[in-house]
2 protein chains.
Amino acid sequence: MSTSATPPLQPFAIRFGADNATLEPQGPTLQRRMSDLEGLFADRRAWEQAVADGDPVVYTVVSSPVPETARELPQSITTIFPGDTGGEFWMTKGHQHPDPQGEIYLGLEGHGGLLLFDGERAEWLDISPGVIGYIPPGWAHRSVNVGDEPYRFLAVYPGSAGHDYGWVLTHGMGLRARRSADRVELVPFGTPAGTAGPTARSH
Amino acid sequence: MSTSATPPLQPFAIRFGADNATLEPQGPTLQRRMSDLEGLFADRRAWEQAVADGDPVVYTVVSSPVPETARELPQSITTIFPGDTGGEFWMTKGHQHPDPQGEIYLGLEGHGGLLLFDGERAEWLDISPGVIGYIPPGWAHRSVNVGDEPYRFLAVYPGSAGHDYGWVLTHGMGLRARRSADRVELVPFGTPAGTAGPTARSH
């Protein structure tokens, strides 16, 4: 049943820093600045302004050394910094798994949301420390920081799943999460900034 | 690429109680008493005595409702109670995945060990809160409580992996973890109780 005579990886321990987003030993690290998020915020003008105003880091992803290959189970810690652009909370690019596989996000710090979209239905899960968001196979997913401090979560996902970021640019994510007084307002994906329609939901 | 037109599970949040071993909503729960662990401790007489002396619960496994099916990513919390039988620390039965897939154990409470065996080599990882033990595909694995309080960990594993408990009864686990003064002594698997040979390692 094994695809190789020699197991590709040796057992090892990873020291896991829940409060400072570290994995030791550490694998690839990724940093997304505002300029990396073109086409994702509804308010393009606000996005352009944010890029011009220092192009801030919106989120980072620190991975363990477990490779993204079949049969392995890699992990990563994502930190989304607090903020909004044109009223839309800072968020990850979002992706779909080309090979549909389940994934979990375990909240570590701060308060966030997990937005899921299967092409027709959108779901929103509130994530805080002590909550696991379950992403079933076939659902695109994006994380959103809806608080005033960094939002951190641990992701665990099969190495064969892959990341298709283009899917979100083509299909959208069903909903957008906007700052509205002291709460989160979920508005239809296509709604221009500041014109939430009657189908908006609040969380 | 999807194997079904309708994703088999909806997104949902699982409230995760790291300090009391709860997952809410909760799926199947499993309890292993001493009598369920026949043939696993080196000292059979001590095991028989422990069964006669109240047949204590050695460990429990609480699962989330995510099913153990292909493409899903189930989770569980295992609690091993503190104790030893004939000097051998209380432990799980141990298993091999019939479908070789990686798995992670994240330490939540107490102090434990993760014993891994690929049929030739044995490895031991110390696990405490804040440590992830990585189980590569192809390695049988057993958890051991080496402390004086309950040892708890969160497991995340692909739903297709499966559990082969018979493999351990046939092949052993390479090493045994024995109580030795205030430390853990790892002795060769076949060594009868109390006769640790010169190849013993200490942790």
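1. Start with the neighbours of B:Gln96. Leaving out residues up to four places away in sequence, B:Gln96 touches B:Gly138, B:Trp139, B:Ala140, B:Gly162, B:His163, B:Asp164 and B:Trp167; contact here means heavy atoms within 4.5 Å. Keep in mind that this is a predicted model, in which local features need pLDDT of at least 70, side-chain atom pairs count only at pLDDT 80 or more, and totals for chains, interfaces and linings use all residues. On bookkeeping, residues are numbered from 1 along each chain as its sequence is written, chains are lettered from A and ligands numbered from 1 in the order in which they are written, and side-chain values use heavy atoms, with hydrogens and water left out.

2. Where does B:Gln96 lie? B:Gln96 is in the loop that runs between β7 (88–89) and β8 (103–109) of chain B. Helices (H or I, at least four residues) and strands (E, at least two) are DSSP runs, numbered from the N terminus. Despite the loop setting, B:Gln96 is buried, at a relative accessible area of 10%. The classes are: buried under 20% relative accessible area, exposed over 50%, partly exposed in between (1.4 Å probe, protein chains only).

3. The side chain of B:Gln96 has two polar contacts worth a look. One goes to the backbone oxygen of B:Gly138, at 3.3 Å; in the other, a polar atom of the side chain lies 3.4 Å from the backbone nitrogen of B:Ala140. A polar contact is a pair of N or O atoms within 3.5 Å; within protein, one must be able to donate a hydrogen and the other to accept it, and residues adjacent in sequence count only if both atoms are side-chain atoms.

4. On to β9 of chain B. This strand (residues 112–117) is mostly covered, with 6 of its 6 residues buried. In a regular strand, side chains alternate between the two faces of the sheet. For β9(B), one side carries B:Gly112, B:Leu114 and B:Leu116, the other B:Gly113, B:Leu115 and B:Phe117, and all of these are buried.

5. What does β9(B) pair with? Strand β10 (residues 122–127) of chain B is joined to β9(B) by 6 bridges and runs antiparallel to it, with B:Gly113 opposite B:Asp126. Two strands pair if DSSP finds at least two bridges between them. The β9(B)–β10(B) hairpin has 4 residues between the strands, and B:Gly119 there takes a positive phi near 100°. Another 6 bridges, again antiparallel, link β9(B) to β12 (residues 140–145) of chain B, where B:Arg142 is the bridge partner of B:Leu115.

6. Now the sheet in chain A. Here 3 strands form an open sheet in the order β10-β9-β12, paired antiparallel. β10 (122–127) and β12 (140–145) of chain A stand at the edges with a single partner strand each, so one side of each has no neighbour in the sheet. On average, neighbouring strands of this sheet are turned by 20° against each other, direction ignored (axes are lines fitted to C-alpha atoms, for helices over the stretch in contact, and angles run from 0 to 180 degrees between N-to-C directions). β9 (residues 112–117) of chain A is joined to β12(A) by 6 bridges, and A:Phe117 has A:Ala140 as its bridge partner.

7. β5 (residues 75–80) of chain B joins β13(B) through 6 antiparallel bridges, with B:Gln75 opposite B:Val156. β8(B) also pairs with β13(B) in the antiparallel sense, over 5 bridges, and B:Phe153 is the bridge partner of B:Gly107.

8. For chain A as a whole, expect 2 helices and 16 strands. Of its 203 residues, 55% are buried. Among contacts between residues at least 6 apart in sequence, 66% join residues at least 24 apart.

9. How do the two copies relate? Chain A can be laid on chain B with an RMSD of 0.0 Å by a turn of 180° and a shift of 0.0 Å along the axis, superposing by least squares on the C-alpha atoms of residues with pLDDT of at least 70 in both. The copies are thus related as by a two-fold rotation axis. The same surface serves both: 100% of the contact residues of chain A recur in chain B.
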